Amino acid sequence: MFKKRIVVIAAALLACQALSAVAADTKQVEVMHWWTSGGEAKALSVLKDQLKQEGYAWKDSPIAGGGGEAARTVLRARVASNNPPDAMQMLGFSVQDYAQQGLLLNLDNVAAKGGWATLIPAPIQRFSKDDGHWYAVPIDVHSTNWIWANKKIFDELKLTPPQTFDELVADADKIRKAGYIPLAHGGQPWQEATIFDSAVMSAGGPKFYTDAMVNLDPKALGSKTMEKAFDQMRALRGMVDPNFSGRDWNLATSMVINGKAAMQIMGDWAKGEFANAGKKPGVDYLCMRYPGTQGDFIFVTDQFATFKAGDDRQAGEYAFAQAVMDKNVQAKFNQVKGSIPARLDVPSDGFDECGVKSMSDMRAALKSGTMVGSFAHGQAMPEASKTAVYDVVTHFFNSNQSSADAVKQLVTAVENSK
Ligand code: GAL
């Protein structure tokens, strides 16, 4: 009798323990991302704090590697072993790919309650939804057609923001002669692709960019205009230092911050690094649109997709999605990250001059219908084609291939990837 009672009590205790373990677990949201640089990590803490206020702990699963290639590989493995995180940072077509496999948690209710449909620009929503349903929530809007310049070097050499690509080439010459590296670059395929975004836009403008990079029109891909984009890449290759191979993007940004290099072509997450180093736009550094892309807006939107991780986790995932869209979070997060809010109702107060410019560029592009997705960051063409074009661009950048040959290879690579 006594023995039996002990067994019952022990079993009850165990059950209690198990229950509280589950309770603890459901009060926490696991978030996977690749925001590990100084500026990125700082921005993320804004979201972490908000989630905490909503009563959930943040389980951090960072996978280092700019652009997210490594993180996406880890995600695939976790999904394959049926152990996805609650939320994952995603770019472009990935959301739809996972949604179509039935793996994502539907966010329609949260979206309706929050009025997302009217708050988020249509080109951004396109990557939050599949088949009319919400599966991801956007936290930011970046753009890639930027140059970040060291103001002291520009002042010393009496340079002003180059308006044409030829001017950029002439400036780079002066910079090199003065003993600085003209262009800080990290030789990783995604960084070369990021520069290519700008080169294609500069060579042909938004309609050409859309024909080539979004519609994958063989005529545009194989055109003389595309050759010009590769010509620009060749000229840019001549502006980098010999140690560029494999360098992380934020280390390239540091070269501009420290005055070793004069410029970096990079999305405005680079601004988060300047800010994190205490640098101010217009004082320590300059932000300018890549020559020939003034007023154009090549966007990258970071979104968080929520995975079906079990009924008991839904409440946490909904709370997380709400936190991402919180108006205050969108303001503060983006001021630190270098991007602009994905909600259109966040005022520009508190954003620096580059942020204000980005906001007005996006609004203008939205009006004229020329807001185009970044090829480099998966928001222009599906993954298979993106990978094929990455190979062509990186091969070109790291060889002596002619622009005419690169264009031919581009057409074939895209055709084969379809
Ligand atoms: C991009 C991402 C940006 C930035 C960058 C470097 O893919 O969209 O937010 O973090 O990678 O890590």
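Predicted model: local features only at pLDDT ≥ 70, side-chain atom pairs only at ≥ 80, totals over all residues.
Trainee: Which residues line the second largest cavity?

Mentor: Among them are Arg72, Leu91, Phe93, His377, Met381 and Lys386. By class, its lining divides into four nonpolar, three polar and three charged residues. Domain 1 (29–141 + 301–357) and domain 2 (143–299 + 369–417) each supply at least three residues of that lining.

Trainee: Where does the largest cavity lie relative to the domains?

Mentor: Look at which domains give residues to the lining. Both domain 1 (29–141 + 301–357) and domain 2 (143–299 + 369–417) do, so the largest cavity lies between them. Its space is about 110 Å³. The lining has 15 residues, and those closest to the cavity centre are Trp34, Trp35, Glu40, Gly67 and Trp269.

Trainee: What sits in the largest cavity?

Mentor: The ligand does. It is surrounded by 13 residues, the closest being Trp34, Trp35, Glu40, Asp302 and Lys337. Six residues of this shell are nonpolar, four polar and three charged.

Trainee: Which side-chain or backbone atoms lie 3.5 Å or less from an oxygen atom of the ligand?

Mentor: Read the N and O atoms. For Trp35, a side-chain N or O atom is 2.9 Å from a ligand oxygen. Gly67 places a backbone N or O atom at 3.2 Å, and His142 has a side-chain N or O atom at 3.5 Å. The protein covers 100% of the 310 Å² of accessible area that the ligand has on its own.

Conventions: Residues numbered from 1 in each chain as written. Heavy atoms only, no water. Near = heavy atom within 4 Å. Polar contact = N/O pair within 3.5 Å; in protein donor to acceptor, adjacent residues only side chain to side chain. Areas by Shrake-Rupley, 256 points an atom, 1.4 Å probe, with all protein chains shown as cover. 1 Å grid on protein atoms, 1.4 Å probe; cavity = no way out; pocket = protein on both sides within 12 Å on 5 of 7 lines; lining within 4 Å. Sits in = over half its atoms within 2 Å of the grid points. Nonpolar A, V, L, I, M, F, W, Y, C, P; charged D, E, K, R; others polar. Points joined across faces, edges and corners; volume = space filled by probe spheres on them. Domains from an automatic or database assignment.
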